[in-house]
Amino acid sequence: MSDVRCATCQKFSVQRADKEMQDQGFGCCDRREPFICFGARKERDCEHHVPAAADVIAKRETWLASQTDILAEDWSIAA
């Protein structure tokens, strides 16, 4: 099995994660307990991965880019 990213799976849900986890680029998997979050960009070997539609992946990539910008701003303040 090859490595996949949660952000490309139709079972991944950003909306199910709480706001603090969303702000850090995490979401929940429909195959796991709702309180367990996974990094959207983390590569993993997952037997339950089901590729999401291209438009869904594109929206998630836009969301992830905005989260990266927010985190970069936070880090520059701390530096």
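Predicted model: local features only at pLDDT ≥ 70, side-chain atom pairs only at ≥ 80, totals over all residues.
Buried means under 20% relative accessible area and exposed means over 50%, with partly exposed in between.

**Salt bridges**
- Glu 61 pairs up with Arg 41, the closest N and O atoms being 3.9 Å apart.
- That pair ties together distant parts of the chain, 20 residues apart: Glu 61 sits in helix 2 (residues 54–78), while Arg 41 is in the loop between strand 4 (37–39) and strand 5.
- Arg 41 is partly exposed too, at 41% relative accessible area.
- Arg 5 and Glu 43 join their side chains in another salt bridge, at 2.8 Å from N to O.
- Here again distant parts of the chain are linked, with Arg 5 in strand 1 and Glu 43 in strand 5 (residues 43–44), 38 residues apart.
- Arg 5 is partly exposed at 39%, and Glu 43 is partly exposed at 40%.
- Lys 19 and Asp 23 also meet through their side chains, 2.7 Å from N to O.
- Lys 19 counts as exposed because its relative accessible area is 51%, whereas Asp 23, at 26%, is partly exposed.

**Gln 10 and its surroundings**
- Gln 10 lies in the loop between strand 1 (4–5) and strand 2 (12–13), and is partly exposed at 49% relative accessibility.
- Leaving out residues up to four places away in sequence, Gln 10 touches Asp 30, Val 50, Pro 51, Ala 52 and Arg 60.
- Its side chain reaches the backbone oxygen of Pro 51 at 3.5 Å.
- Gln 10 and His 49 are 39 residues apart in sequence, yet 7.7 Å apart in space, C-alpha to C-alpha.

Technical notes:
Residues numbered from 1 in each chain as written. Heavy atoms only, no water. Helix = DSSP H or I, 4+ residues; strand = E, 2+ residues; numbered from the N terminus. Buried < 20%, exposed > 50% of the residue type's maximum accessible area, 1.4 Å probe, protein only. Contact = heavy atoms within 4.5 Å. Polar contact = N/O pair within 3.5 Å; in protein donor to acceptor, adjacent residues only side chain to side chain. Salt bridge = Lys/Arg side-chain N within 4 Å of Asp/Glu carboxyl O.
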